[in-house]
Amino acid sequence: MKYAIIGAGKIGSALARRFVASGIEVFVANTKGPGSLAGLAGELGALMKPVTSEEALQADAVILAIPFDAVPEAVKGVDWGGRIVIDATNAIDFPAFTPRDLKGRLSTQIVADAVPGARVVKAFNTLLATHLGADPVVLGGRRVLFVSGDDAPARRAVVDLIEHLGFAAVDLGALAEGGRAQQFGGGVAAKEFVLLDDRQLR
Ligand SMILES: NC(=O)c1ccc[n+]([C@@H]2O[C@H](COP(=O)([O-])OP(=O)(O)OC[C@H]3O[C@@H](n4cnc5c(N)ncnc54)[C@H](OP(=O)(O)O)[C@@H]3O)[C@@H](O)[C@H]2O)c1
């Protein structure tokens with residue numbers, strides 16, 4: 001499975017750090033081009049591969065870690081053919097830092113419209129970048145990441161990835177319910193949950 005991250009800012013670089021720490025190769029792109037990622041690549045090592053956006057967009061699973069408004073332009077004209085797109089974006093009005101008024105639509109439904117033919121899963125959007133990039137093992141448990149989307153096998157693949165990265169994954173089901181809870185302004189957004197080792201609960 002080839003993984004790529006579009007965006008190398010706070011969220012993209014935090015995620016790249018977790019991929020490398022887990023021994024998983026990851027391709028990373030930004031707008032400035034692969035040369036601008038030499039510093040991050042030097043820090044993270046050979047498992048992090050700086051590439052162009054064109055190359056990153058051909059991966060089996062493409063993580064969107066860019067501003068919500070940048071998505072349509074960033075993914076324009078790509079043939080998805082059932083590949084997985086993981087939406088880590090949040091639709092936020094700045095500087096008020098309030099949820100964007102999407103006229104009743106869900107932010108990931110809007111992202112899905114921009115990637116026709118892709119299997120879209122929402123994930124990696126609920127933790128602060130500083131926490132996403134840090135060791136997922138805290139307080140004797142694992143930080144929780146949530147997953148939602150309308151394609152169950154794609155959700156399963158992302159759950160497996162999240163567990164492989166060392167986090168605990170919680171599958172919230174279809175976008176209509178899970179995506180609403182997960183998007184900015186929803187019940188689990190911008191909150192940190194830790195799944196304690198169940199031995200501590202006995
Ligand atoms: N920061 C957080 O704690 C946090 C938490 C959860 C979710 N999020 C969400 O995650 C997303 C990214 O946030 P961030 O804080 O990481 O932003 P950021 O630090 O500003 O980084 C944005 C990145 O996106 C890249 N980019 C923008 N347009 C692009 C395009 N068309 N093609 C390729 N790369 C493009 C930028 O590349 P250049 O620098 O080369 O222009 C930059 O690397 C946002 O949707 C945000 O709401 C953020």
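## Burial, core and ligand shell in a predicted model

Glutamate 163 is partly exposed, because 14 other C-beta atoms lie within 10 Å. A residue counts as buried if 20 or more other C-beta atoms lie within 10 Å of its own, exposed if 12 or fewer, and partly exposed in between, with C-beta atoms placed from the backbone. This is a predicted model, in which local features need pLDDT of at least 70, side-chain atom pairs count only at pLDDT 80 or more, and totals for chains, interfaces and linings use all residues. Residues are numbered from 1 along each chain as its sequence is written.

Glutamate 163 sits in helix α7 (residues 152-164). Helices (H or I, at least four residues) and strands (E, at least two) are DSSP runs, numbered from the N terminus.

Methionine 48 is buried, because 23 other C-beta atoms lie within 10 Å. Its place is in strand β3 (residues 48-50). Not counting residues up to four places away in sequence, methionine 48 touches Ala16, Val20, Val26, Val28, Leu40 and Ala41. Contact here means C-beta atoms, placed from the backbone, within 7 Å.

Two C-alpha to C-alpha separations follow.

| Pair | Apart in sequence | Apart in space |
|---|---|---|
| Glutamate 163 and phenylalanine 94 | 69 residues | 32 Å |
| Methionine 48 and serine 36 | 12 residues | 13 Å |

**The core**

The largest nonpolar core has 55 residues. Such a core is a set of buried Ala, Val, Leu, Ile, Met, Phe, Trp, Tyr and Cys residues joined through C-beta atoms within 7 Å. Ala4, Ile6, Ile63, Leu64 and Ile86 have the most contacts inside the core. Leaving aside neighbours within four places in sequence, isoleucine 63 is in contact with Ala4, Ile5, Ile6, Leu15, Ile86, Ala88 and Phe124.

**The ligand shell**

Around the ligand there are 26 residues, of which Gly7, Gly9, Asn30, Ala74 and Thr89 come nearest. The largest share, three residues, comes from α1. By class, the shell has 14 nonpolar, nine polar and three charged residues. Ala, Val, Leu, Ile, Met, Phe, Trp, Tyr, Cys and Pro count as nonpolar, Asp, Glu, Lys and Arg as charged, and the others, Gly among them, as polar.

**Strand β8**

From β8, Arg119 and Val121 point one way and Val120 and Lys122 the other way; all are buried. β8 pairs with β5 in the parallel sense over four bridges. Pairing requires that DSSP finds at least two bridges between the strands. Lysine 122 in β8 is the bridge partner of aspartate 87. β8 also runs antiparallel to strand β10 (residues 141-149), joined by two bridges. There, lysine 122 stands opposite serine 148 of β10.

Helix α5 (residues 107-114) has Ser107, Thr108, Val111 and Ala112 as its buried residues. Seen down the axis of α5, they fall within an arc of 140°, so they line one face of the helix. The arc is that of the directions from the helix axis to the C-beta atoms. Their cover includes β4 (61-64), α4, β5 (84-87), β8 (119-122) and α8 (175-182).

In α8, the buried residues are Leu175, Gly178, Gly179 and Gln182. Seen down the axis of α8, these fall within an arc of 95°, so they line one face of the helix. Ala176 and Glu177 are exposed on the other side of α8. The cover over the buried residues of α8 includes α5, β8 and β10.

Terms used:
Two residues are in contact if their C-beta atoms, placed from the backbone, lie within 7 Å. A residue is near a molecule or strand if its C-beta atom, placed from the backbone, lies within 6 Å of it.
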